[in-house]
Amino acid sequence: MPRYYAQRAREYEQVFDRPHRQPNIAAIKRWLGEQFTDRQVLEVATGTGFWLPAATARALSWQCTDINAEVLEVAKAKPLDFTKLSFRLADAYALDLVPAGSPSPFDAAFAGLWFSHVPLQRRASWLAQLHAQLAPGAVVILMDNRFVAGDSTPISRVDAEGNGYQVRSLSDGSQHEVLKNFPTLEQLQVLLASQARDIEWQELDYFWTLKYRLH
Ligand SMILES: C[S@@+](CC[C@H](N)C(=O)[O-])C[C@H]1O[C@@H](n2cnc3c(N)ncnc32)[C@H](O)[C@@H]1O
């Protein structure tokens, strides 16, 4: 999966060009722009930074992370306020920006189009180690795709653990099998039950958003 996104870096944002998705994309940008006012944000799997211009507008500081330098290079070429942005290569499963026991500067986190790539058996541990990087009471925002039959890339295989996979093609003709799960609100509520409060879920036509606060 990481190699697929590195190879896809230069063509990644074509996925946001689909005309029928524009109203949802505009609504998400508007909503993200309101979520991080005066917050110090840790973003996981920033990718090419498609949401950065909207999401960072009112934030105090924004730490971008991704496992692939190729995608962060695309983000760095955007017209952004680099006085408050920083970029770091980091594996989303091994975030070590804040040493254990140290107070966290991050009072917010964002991951867009990432959670759907987390294997079912790693969801709980991924959330736990994300939360371990954040200050008590931090706001967490996840946003991702809904599966829309006839529009989303079909699931071509389901493994023994129940993870779905899509076969995706790049412009060089290469094909890649990519893990893609579509969580339900009920699954997220169970995962977050002991760690989160004020859970807010929005369902758009093609995307969902989840906002919650840590205890
Ligand atoms: C679907 S893209 C999402 C990018 C961006 N957040 C967005 O909404 O457009 C998934 C991103 O996850 C990154 N990625 C894949 N595996 C990762 C890992 N283990 N740790 C951190 N980033 C990873 C890829 O490089 C890619 O940029």
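Q: What does Arg 18 count as, by accessibility?
A: Arg 18 counts as partly exposed, at 28% relative accessibility. Buried means under 20% relative accessible area, exposed means over 50%, and partly exposed lies in between (1.4 Å probe, protein chains only).

Q: What sort of model is this, and how are residues numbered?
A: This is a predicted model: local features need pLDDT of at least 70, side-chain atom pairs count only at pLDDT 80 or more, and totals for chains, interfaces and linings use all residues. Residues are numbered from 1 along each chain as its sequence is written, and side-chain values use heavy atoms, with hydrogens and water left out.

Q: Back to Arg 18. Which residue forms a salt bridge with Arg 18, and at what distance?
A: Asp 151 does, with the closest N and O atoms 3.8 Å apart. The rule for a salt bridge is a side-chain nitrogen of Lys or Arg within 4 Å of a carboxyl oxygen of Asp or Glu.

Q: How accessible is Asp 151?
A: Asp 151 is partly exposed, with a relative accessible area of 23%.

Q: Which residues are linked with Asp 151 in a network of salt bridges?
A: Arg 18 and Arg 21 are linked with Asp 151 in that network.

Q: How many salt bridges are there by this rule?
A: The count comes to 12. One of them joins Arg 88 and Asp 96, with N and O atoms 3.7 Å apart at the closest. Arg 88 is partly exposed at 35%, whereas Asp 96 is exposed at 53%.

Q: What about Asp 144 and Lys 180? How far from N to O?
A: Their side chains meet in a salt bridge at 3.6 Å. This pair also links distant parts of the chain, 36 residues apart: Asp 144 in strand 5, Lys 180 in the loop between strand 8 and helix 6 (185-192).

Q: Are those two buried or exposed?
A: Both Asp 144 and Lys 180 are buried.

Q: How many bridges join strand 6 to strand 7?
A: Two bridges join strand 6 to strand 7 (residues 164-169). Val 158 stands opposite Gly 164 in strand 7.

Q: Helix 6 next. Which of its residues are buried?
A: Leu 185, Leu 188 and Leu 192 are buried in helix 6. They cover an arc of only 65° around the axis, so they lie on the same side of helix 6. The arc is that of the directions from the helix axis to the C-beta atoms.

Q: Which residues are exposed on the other side?
A: Glu 186 and Val 190 are exposed there.

Q: What covers the buried ones?
A: The cover includes helix 5 (123-131), strand 9 (196-203) and strand 10 (207-214). Contact means heavy atoms within 4.5 Å.

Q: Where is Phe 182?
A: Phe 182 lies in the loop between strand 8 and helix 6. Phe 182 is partly exposed, at 23%. Its contacts beyond four places in sequence include Arg 123, Arg 146 and Gln 187.

Q: How many aromatic pairs are there?
A: The count comes to 15. Phe 50 and Trp 51 have ring centres 4.8 Å apart and planes at 85°, so the pair is edge-to-face. Rings of Phe, Tyr and Trp (its six-membered ring) pair if their centres lie within 6.5 Å; planes under 30 degrees apart count as stacked, over 60 as edge-to-face and the rest as tilted.

Q: Which residue lies over the face of Tyr 93?
A: Arg 122 does, at 3.7 Å from the ring centre. The rule needs NZ of Lys or CZ of Arg within 6 Å of the ring centre and within 35 degrees of the ring normal.

Methods
Two strands pair if DSSP finds at least two bridges between them. Helices (H or I, at least four residues) and strands (E, at least two) are DSSP runs, numbered from the N terminus.
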